Amino acid sequence: EAMGAAALLDGAAKVRFPKHFPALKGFPSPGRLVGLAQALKGYDLICTYNWGAMDVAMAHAAFAGAFRLPRLIHPEDGFNADEAVRLKPQRNLYRRAALRGAARVIVPSTGLERIAREVWHQPRAKVLRIANGIDAAAFAAAPTPGALRVVKRAGESWIGTLAGLRP
């Protein structure tokens, strides 16, 4: 229910957000997965994201044909602290099954690309790596003095990122 990023969408983009989508938490019983799959009907594209939406990917994998669901793409950008050192085997199996119906699995790094292909057994053609990065050439000009309300001291270097911060 965190919708803060919706304010950043281009106003020309035709987007709608469901008001009463089924809960993403809970045991993935067949009945719950059917409810999730039914909620996916009527869209042009389904975009799930990370582990929190894996039950939606599973519902899609199981019922896309029966409910004539649109394509699903699934970006993964890393793991929370509970999988930072070692991936959970039961989650690997679940991802493997749930992502079988995805049109694309999108990852930002060669490490996640390897995991998607070797651990989750996703075909090479399905996995797309889009590296995080900044077009450094766009920032080659000298900065405008006073453009920021903070002062950078001589010798300091600043690095910015937009991502989920994890330990």
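Colleague: What is the relative accessible area of Asp 82?
Modeller: The value is 37%, and Asp 82 is therefore partly exposed. Buried stands for under 20% relative accessible area, exposed for over 50%, and partly exposed for what lies in between, using a 1.4 Å probe and protein chains only. Please note that this is a predicted model, in which local features need pLDDT of at least 70 and side-chain atom pairs count only at pLDDT 80 or more, while totals for chains, interfaces and linings use all residues. Residues are numbered from 1 along each chain as its sequence is written, and side-chain values use heavy atoms, with hydrogens and water left out.

Colleague: Which side chain does Asp 82 meet in a salt bridge?
Modeller: Asp 82 meets Lys 88, at 3.3 Å from N to O. A salt bridge here is a side-chain nitrogen of Lys or Arg within 4 Å of a carboxyl oxygen of Asp or Glu. Lys 88 has a relative accessibility of 25%, so Lys 88 also counts as partly exposed.

Colleague: And Arg 91 with Glu 83, are they buried or exposed?
Modeller: Both are buried. Their side chains form a salt bridge at 3.1 Å, N to O.

Colleague: What about Glu 156, which residue is its partner?
Modeller: The partner is Arg 153, with the closest N and O atoms 3.0 Å apart. Glu 156 is partly exposed at 27%, whereas Arg 153 is exposed at 60%.

Colleague: Changing topic. How many strands are in the open sheet, and in what order?
Modeller: There are four, in the order β1-β2-β3-β4, with parallel pairing. The edge strands, each pairing on one side only, are β1 (46-47) and β4 (127-129). Strands (E, at least two residues) and helices (H or I, at least four) are DSSP runs numbered from the N terminus. Two strands pair if DSSP finds at least two bridges between them.

Colleague: How many bridges link β1 and β2?
Modeller: Two bridges link β1 to β2 (residues 72-75), in the parallel sense. Ile 46 has Leu 72 as its bridge partner, and Cys 47 stands opposite Ile 73.

Colleague: Which way do the β2 side chains point?
Modeller: Leu 72 and His 74 point one way, Ile 73 and Pro 75 point the other way, and all are buried.

Colleague: Next pair along: how many bridges between β2 and β3?
Modeller: Three, again in the parallel sense. The chain passes from β2 through α3 to β3 in a right-handed β-α-β crossover. Right-handed means that, with the strands pointing away from the viewer, the path from the first strand over the helix to the second runs clockwise. β1, α2 and β2 likewise make a right-handed β-α-β unit.

Colleague: Which residues of α3 are buried?
Modeller: In α3 (residues 89-98), the buried residues are Arg 91, Asn 92, Tyr 94, Arg 95 and Ala 98. Viewed down the helix axis, they fall within an arc of 165 degrees, so they line one face of α3. The arc is taken over the directions from the helix axis to the C-beta atoms. The face turned away carries the exposed residues Gln 90 and Leu 93.

Colleague: What covers that buried side?
Modeller: The cover includes α1 (30-39), α2 (54-67) and α4. It is judged by contact, meaning heavy atoms within 4.5 Å.

Colleague: And α1, which of its residues are buried?
Modeller: They are Arg 32, Leu 33, Leu 36 and Ala 37. They cover an arc of only 140 degrees around the axis, which puts them on the same side of α1. These buried residues pack against α2 and α3, while Pro 30 and Gly 31 are exposed on the face turned away.
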